[in-house]
Amino acid sequence: MTALTPMKSVLVATVCSVALTGGAQAELLPPEKDLSGLEYETIGRGDLYDYRALDGYSEAPFLADMVASGTLPPLADRLPEEPLVFKTGAMSDGIGEYGGVFRHVIGGRPEGWNWLAGQHQGWGGINMAIQECLVRQGPRWQIKAEDQTGPLPNLAKSWSWNDDNTQLTMTLIKGAKWSDGDAFDTEDIRFWWEDNVEDKNVAARMKAGALAPGAKLEILDEVSFRFTFDEPQSESLVERLAYIEGCPGPSHVLKPLHPKYNSEATYEGYTQAMPADNLPIPVMGAWVPVLHKADELVVMRRNPYYWKVDETGQQLPYYNEMHFRLSTWDDRTTQAVAGTGDFSNMENPANYVAALKESQSDDAPVTVRFGQRTLAWRMSLNFSDIGAEDDVDLGLRDLFRELDFRKAVSHALDRDAIGQAVARGPFAHPYSGGLVAGSSYFDSESTFYFPYDMDKANALLDGLGLKDTDGNGIRNMADGGADIEIDVIFNSGRNETRKQLDAITSQLGEVGIRVISRGLDKTNFETALHGGAFNAVLNRRNFPTPTRRSCYNMPIAGNCPAFHQEQDGKRDFLPFEEDLAAAYRTFVATTDGAEKIQATRDIQRLITENVYVIGTIQAPAALLVNRRIRNAHPGTPVYMFQWAEDAIIRERLWTPAEQQLDELMPGKIAEY
Ligand code: BQZ
């Protein structure tokens, strides 16, 4: 087995040096010590799967019984003409056996099942279990560098560009069906694009105008459609059609509930059209949600119309049932280590030492393998006036737009202490924003950093005229006004974020800035964040590639990023933001490798030398998968092109019959 660290640009071992640009204080981020223990062979793009008709197919035994009793159509009527066929050579434990249960534990809760309108189902793999998207990113971690030409096919089995790359024509898998038997076709694509992405009344995951300038959709026939763009684009743009932005929904169920097609419907009613308890719903995913017990459990049963098979013709998935125990993110790791859960992205460094200790023994339920540092936390200051409640807020927003203020805040942070506050040990490394150290696009020469230096912090704050005019230890706004008091929102369900904010509160207090931390539950946090109603936010935002959650990190559309949204269609760009948006567009549009790399370096430089966000720490995560699970490739990273729930390819996972766990609903499928 050739031990290869994941694709990654060579880190130039640069000791901190004064950078040529970015101002006198800017330094380069110190090099990190890579903790990754992942070893794996990379394979060709075509070695994972392809689309073809096989000589014959088979199905889970209980489905065959249902066909025999006439309660389910024959398998031949439930599969597409050319199913997606997973290749055995890329399956670490080969062809699987049907049956049993895969047990997830998650910290989120289903908002509802209408993902087209932006609802999430609780994260932690539950969204991805039901949503299938036009293309796929997760499994790319295993593809060799020379084959990294773009996203993998999925619902779109193929696509092509015109001569000047201003037209992208895509072809869907033909004859696939929703889990209720309704045909999957381009009407689902049209509805996704026209009535969700382009309808500004719908909070779709892909924002109107965010895909590319002038993007327009044309339906050609039941399986093919075409995007046309004002400017040439590249395969990087196609990455945006993967999870979470490019996932069509069941138009046959949702159209009648959409205001465009129903004069009595409202947009709020449309968003809530699939309440969490209202099951089942039609999906393209491998499992169908059939039971939701609030705050306790979601049970999914195999999708009898799933459109993927193994090379022996067995319809996938192998597991009949999937559970999502509704708990906390930390409990996900606890249960994986204890063996009562099957999977965890161990991502809270505070759990790492205990998990490592518990997993030393040979009979431990999981092994712990760390990947590279791809988890990253940052504090974002709001540059918009949106949500400002009074002149004090407006004054703060003006102050946040001052680069020297952002530099001062960065110099005030002792990131080593912040990392140790989260977890003792070698895990955390300073993060100055931008692409993470574990990114294949990371370039240390473009990563500027304003390190812990109280003298510089105080000098910059003094230079801005922020004096403590009333002697209470807190600096006052330049006009001798209010104390500088910054309320910072964070997701109260994330202990690792809370610990960082506690350290940051103390450190900023040292330079005369008061921090008020505002913990919000997940739903209220997301509402405040996406509505721009905050002064500052501390959250985890992993940034591995420019096209991954681009809207979180760059001003590429009116409501991107959350911390600098347009107000009434207007926005005062900070001096570098237009260059940042242009660098993103170049990255997405160019097919020239050197130009693409330069665009990522421009993005990294512009974000870090301008302290667009105030990075705190970055850390590796470790994937924990129960030993009874087969085909869980040992090299799977928690996060690279997408989360491990996508990367591990759950539809290929299986457990030998003698180790399978009892199903809660044996012999059942969703009844519509
Ligand atoms: C992984 C992931 C799979 C979202 C979510 C959650 C949301 C964010 C982010 C992660 C959870 C797990 O992350 O923490 O390990 O299982 O679900 O989707 O943090 O709050 O909005 O971006 O992916």
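Q: Is D295 buried or exposed?
A: In this predicted model, the relative accessibility of D295 comes to 57%. The cut-off for exposed is over 50%. D295 therefore counts as exposed.

Q: Which residue meets the side chain of D295 in a salt bridge?
A: Let's look across the chain from D295, which sits in the loop between β11 (287-293) and β12 (297-302). The contact runs from N to O at 2.6 Å.

Q: How many residues apart are E311 and R52?
A: These two side chains meet in a salt bridge, with 2.7 Å from N to O. E311 belongs to the loop between β13 (308-310) and β14 (321-326), while R52 belongs to the loop between β2 (49-51) and α1 (61-68). The pair links distant parts of the chain, and the separation is 259 residues.

Q: Is R52 buried, partly exposed or exposed?
A: Buried would need under 20% relative accessible area, and exposed over 50%. R52 has 26% relative accessibility, so it falls in between. R52 counts as partly exposed.

Q: What is the distance between the closest N and O atoms of E496 and R494?
A: Here is a pair in another setting: both E496 and R494 are buried. They form a salt bridge, and a salt bridge needs the two atoms within 4 Å. The closest N and O atoms of E496 and R494 meet that cut-off at 3.8 Å.

Terms used:
Residues numbered from 1 in each chain as written. Predicted model: local features only at pLDDT ≥ 70, side-chain atom pairs only at ≥ 80, totals over all residues. Heavy atoms only, no water. Helix = DSSP H or I, 4+ residues; strand = E, 2+ residues; numbered from the N terminus. Buried < 20%, exposed > 50% of the residue type's maximum accessible area, 1.4 Å probe, protein only.
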